[in-house]
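Hi there,

Here is the structure I promised to pass on to you. Have a look at it first, and then read on for my notes.

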Amino acid sequence: PAVPPFAREGNGVKEGVFTLRTIPDADRIREYIAQKKPRTAAVIGGGYIGIEMAENLHRAGLKVTIVEMADHLIAPLDADMAADVHQYVRSQGVELLLGIAVQDMRRTEQGLHLTLSQGSLLCDLAVLSVGVSPDTGFLESSGIERNPRGAIVVNENMMTSAADVYAVGDAVAVRNFVSGEESYLPLAGPANRQGRLAADHIAGLKGGYRGAQGTAVCRAFGMTVATTGLNERQLAGRNIEKIYLWTLSHAGYYPGASNMNVKAIFERETGK
């Protein structure tokens with residue numbers, strides 16, 4: 001997890017400030033809540049982890065504020081679709097500060113004081129959810145090729161530039177299946193598929209990884225948010241069209257269906 005300089009203290013993060021990557025990380029947050037009895041929390045970053053942390057902190061009884069530097073939550077969404085998420089999350093009692101960046105963070109007698117690009121925020125606990133980077137520092141002198149972001153470069157069989165060395169999962173650069181460009185998609189689905197394909201290749205089976213669409217599903221309280229492929233921002237400059245569908249989540253004659261808001265983006269000439 002990315003840790004901005006303002007949140008660092010010594011070799012770690014400041015007291016009451018957390019990142020979430022592992023189960024022990026979650027345990028530390030739970031223990032802090034049990035011992036310190038915080039009443040307010042700030043979640044810095046409104047991506048998948050940020051949304052899920054906001055929900056869990058809210059359910060733990062804290063008053064939660066999400067501070068997001070972009071103008072909307074969940075970056076893979078376009079702003080028009082994110083508006084539904086904003087309305088719903090606010091209806092659950094979570095405050096959203098959108099288009100606002102955290103510039104500094106210091107501990108005072110009153111709690112954690114966050115200096116924002118607009119105003120300030122006081123909280124008892126903060127969770128950093130401002131992005132991730134490949135954990136590949138240990139390869140610095142290995143000679144294995146990495147891209148400027150630090151992701152390991154692999155071929156379609158998940159082989160690195162070093163003979164007989166494979167790499168899969170959150171550490172590797174992948175080809176975006178839709179655009180054909182190199183991208184970084186640290187998601188569980190692609191990691192699982194890459195691991196299986198690497199094992200196939202080691203066992204002598206033919207195949208190859210064709211890339212990832214970046215499919216992701218996130219729950220925001222009672223709302224499910226899902227994205228796949230490219231959004232309008234990523235398709236800027238292409239001749240595209242879009243349609244909005246308000247449809248049932250499954251066949252209407254079967255009980256329990258709910259309405260689902262869908263945005264589909266396609267290429268004008270081909271319908272792709």
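**What turned up**

Arg210 is exposed, its relative accessible area being 59%. Please keep in mind that this is a predicted model. Arg210 sits in the loop between helix 4 (188-202) and strand 13 (216-220), and together with Arg175, Arg193 and Arg196 it gathers in a patch of positive charge on the surface.

On to the salt bridges, of which the structure holds 11. One of them joins the side chains of Asp78 and Arg233, at 3.4 Å from N to O. Asp78 is in the loop between strand 5 (63-68) and helix 3 (79-91), while Arg233 is in the loop between strand 14 (223-227) and strand 15 (240-248), so this pair ties together parts 155 residues apart in sequence. Asp78 is buried, at 8% relative accessible area, whereas Arg233 is partly exposed at 46%.

Another salt bridge pairs Lys242 with Glu232, with 2.9 Å between the closest N and O atoms. Lys242 belongs to strand 15 and Glu232 to the loop between strand 14 and strand 15, so the two parts tied together are 10 residues apart in sequence. Asp78, Arg233, Lys242 and Glu232 are also linked with Asp80 and Lys263 in a network of salt bridges.

Finally, the aromatics: the count comes to 1 aromatic pair.

Best wishes

Notes. Residues are numbered from 1 along each chain as its sequence is written. This is a predicted model: local features need pLDDT of at least 70, side-chain atom pairs count only at pLDDT 80 or more; totals for chains, interfaces and linings use all residues. Side-chain values use heavy atoms; hydrogens and water are left out. Patches are made of residues with over 30% relative accessible area and no salt bridge: like charges are joined within 9 Å, nonpolar side chains (Val, Leu, Ile, Met, Phe, Trp, Tyr) within 5 Å. Accessible areas come from the Shrake-Rupley method with a 1.4 Å probe; for residues, only the protein chains shown count as cover. A salt bridge is a side-chain nitrogen of Lys or Arg within 4 Å of a carboxyl oxygen of Asp or Glu. Lys and Arg count as positive and Asp and Glu as negative; His and the chain ends are not counted. The place of a charge is taken as NZ of Lys, CZ of Arg, CG of Asp or CD of Glu. Helices (H or I, at least four residues) and strands (E, at least two) are DSSP runs, numbered from the N terminus. Buried means under 20% relative accessible area, exposed over 50%, partly exposed in between (1.4 Å probe, protein chains only). Rings of Phe, Tyr and Trp (its six-membered ring) pair if their centres lie within 6.5 Å; planes under 30 degrees apart count as stacked, over 60 as edge-to-face and the rest as tilted.
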